[in-house]
Amino acid sequence: MKIQRIETFATRAVAIVRLTTDDGRQGYGQVAPFNADITAQVLHRQVAPHVLGASIEGLADLETLSDRCIEANLKFPWSYVCRALSGVDTAAWDLLGKAADQPVAALLGGTGRDVPAYGSSMSRSITPGDEAARLSRLRDERGFDAFKIRVGQVAGHDADAWPGRTEALVPTVRQAVGDDVRLLVDANSCYTPPRAIEVGRMLEANGVVHFEEPCPYWELEWTAEVAAALELDVAGGEQDNDLAQWRRMIRMDAVDIVQPDVCYVGGLTRALRVARLAAEAGKSCVPHSANLSMVTLFTVHLMLAIENAGPYVEFCIEDSGWVDGLFEPALKVENGRVSITGEPGWGVRVNVDWLERAERLVSEVGA
């Protein structure tokens with residue numbers, strides 16, 4: 001199969017990619033969400049010229065294409081090129097799965113159809129009591145046995161959303177959900193090492209198992225200092241898309257758990273590379289998938305296929321109205337687990353009505 005046409009269907013929030021091959025097959029993927037209309041422009045300008053006409057028959061071809069796109073854009077590292085590349089790569093995996101009449105996960109050797117999910121809160125404006133109440137409700141209604149909550153402030157320079165919130169939130173939630181529920185926290189690059197270690201000790205005292213991005217993510221040495229000082233697992237990497245940076249992060253034990261985002265890192269192909277690097281170092285992989293666009297779908301397939309998958313996949317519990325009607329069937333959690341359909345490729349149908357409302361751009365061979 002050779003890539004004949006690349007189409008993007010974009011809104012500001014999200015953009016779908018459709019690949020068509022020279023034999024008429026089609027596959028669907030997605031670029032990284034948010035400012036996705038800009039990413040679509042980057043895709044057609046800086047990625048499409050390097051993949052149109054290329055053969056895609058398996059993982060080796062997609063690794064070659066990924067490397068070609070990164071190297072051809074060496075003056076433009078890294079974010080938007082990788083966000084755009086993810087759309088082509090994930091659409092290509094859909095094509096490969098459909099051609100083989102297998103789900104992507106099975107194509108990669110994965111077995112099973114579902115994985116446990118942790119409920120991921122995105123809110124720092126919610127009070128400790130209200131957060132505890134809604135997580136308890138979701139535990140009972142949907143069977144979640146793990147949750148992630150937000151502490152500190154985004155790139156907060158040691159500040160909290162309001163004074164004392166973190167120290168009130170963690171024990172309040174722990175008491176409400178009970179000791180059998182695993183509790184994760186995300187600091188979103190908030191802390192200097194001394195404050196991160198101080199907060200980490202409090203987290204350990206409350207049975208927290210996962211401390212995500214405690215320090216500014218670009219400060220690997222800071223994060224490594226925190227990881228060395230604490231017993232609980234330090235996690236990170238969602239923002240990182242440079243494979244050399246991933247190798248450094250893993251080699252210096254900056255994190256215990258790696259968290260590549262399929263749509264930020266450049267697609268499933270590059271996420272698989274990160275997972276393999278982590279496996280070689282004995283580290284688990286719990287990818288970032290903090291919204292209910294197709295990224296969570298991609299992540300479930302990835303988790304089913306890798307040897308070092310962590311115990312759960314991230315599942316956003318916030319309102320995701322901006323992805324309503326994007327694809328069917330929509331993802332949902334039942335009895336604490338999220339499932340793929342078992343149909344070929346990604347196993348979902350992108351909504352034609354949604355595509356017709358979006359802005360369409362096209363690149364194709366010979367045009």
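The side chains of H288 and D261 are joined by a polar contact of 2.6 Å, a polar contact being a pair of N or O atoms within 3.5 Å in which, within protein, one atom must be able to donate a hydrogen and the other to accept it, residues adjacent in sequence counting only if both atoms are side-chain atoms. The structure is a predicted model, in which local features need pLDDT of at least 70 and side-chain atom pairs count only at pLDDT 80 or more, while totals for chains, interfaces and linings use all residues. Residues are numbered from 1 along each chain as its sequence is written, and side-chain values use heavy atoms, with hydrogens and water left out.

H288 also makes a side-chain polar contact with E238, at 3.1 Å. H288 is located in the loop between strand 10 (284-285) and helix 12; helices (H or I, at least four residues) and strands (E, at least two) are DSSP runs numbered from the N terminus. The relative accessibility of H288 is 6%, so this residue counts as buried (under 20% relative accessible area; exposed is over 50% and partly exposed in between, with a 1.4 Å probe and protein chains only). Apart from residues up to four places away in sequence, H288 touches E238, Q259, P260, D261, Y264, V295, T299 and E314, where contact means heavy atoms within 4.5 Å.

N188 lies between strand 6 (182-186) and helix 7 (193-205). The side chain of N188 forms a polar contact of 2.9 Å with that of R150. Its C-alpha atom is 7.0 Å from that of Q153, a residue 35 places apart from N188 along the chain. With residues up to four places away in sequence left out, N188 touches R124, R150, Q153, V154, A155, E212 and E213.

In soluble globular proteins, nonpolar side chains tend to be buried together. In this model, the largest nonpolar core holds 117 residues, and I6, L19, L43, L203, F211, V338 and W346 touch the most other members. A nonpolar core is a set of buried Ala, Val, Leu, Ile, Met, Phe, Trp, Tyr and Cys residues joined through side-chain atoms within 4.5 Å. Beyond neighbours within four places in sequence, W346 is in contact with Y28, T90, W93, D94, V104, L268, M294, L297, F298 and H301. A second, separate core has seven residues, among them Y118, A146, A235 and V286.

Grid points are joined across faces, edges and corners, and a volume is the space filled by probe spheres set on the points.

The largest pocket has about 210 Å³ of space. Its lining comprises 16 residues, with K332, E334, V338, S339 and I340 nearest the centre. Helix 12 (294-305) and strand 14 (337-339) are the elements that give two or more residues to this lining, and strand 14 gives the most, with three. The lining of the largest pocket has eight nonpolar, four polar and four charged residues, with Ala, Val, Leu, Ile, Met, Phe, Trp, Tyr, Cys and Pro counted as nonpolar, Asp, Glu, Lys and Arg as charged, and the others, Gly among them, as polar.

The second largest pocket has a volume of about 160 Å³. L59, L108, L272, A275, R276, A279, A305, I306, E307 and N308 form its lining, to which helix 11 (residues 268-280) gives the largest share, four residues.

Two cavities of 30 Å³ or more are found in the whole structure. The largest cavity has about 70 Å³ of space and is lined by E213, C215, Y217, L220, T223, A235, G236, G237, D240, M249 and V255. Helix 8 (220-229) and strand 8 (233-236) are the elements that give two or more residues to that lining. The second largest cavity has a volume of about 40 Å³, and its lining consists of V51, L62, L65, S66, L85, V88, D89 and A92. Helix 3 gives the largest share of this lining, four residues.

Conventions. On a 1 Å grid over the protein atoms alone, a cavity is a set of points where a 1.4 Å probe fits but cannot get out, and a pocket is an open set with protein on both sides within 12 Å along at least five of seven lines; lining residues have an atom within 4 Å of a point.
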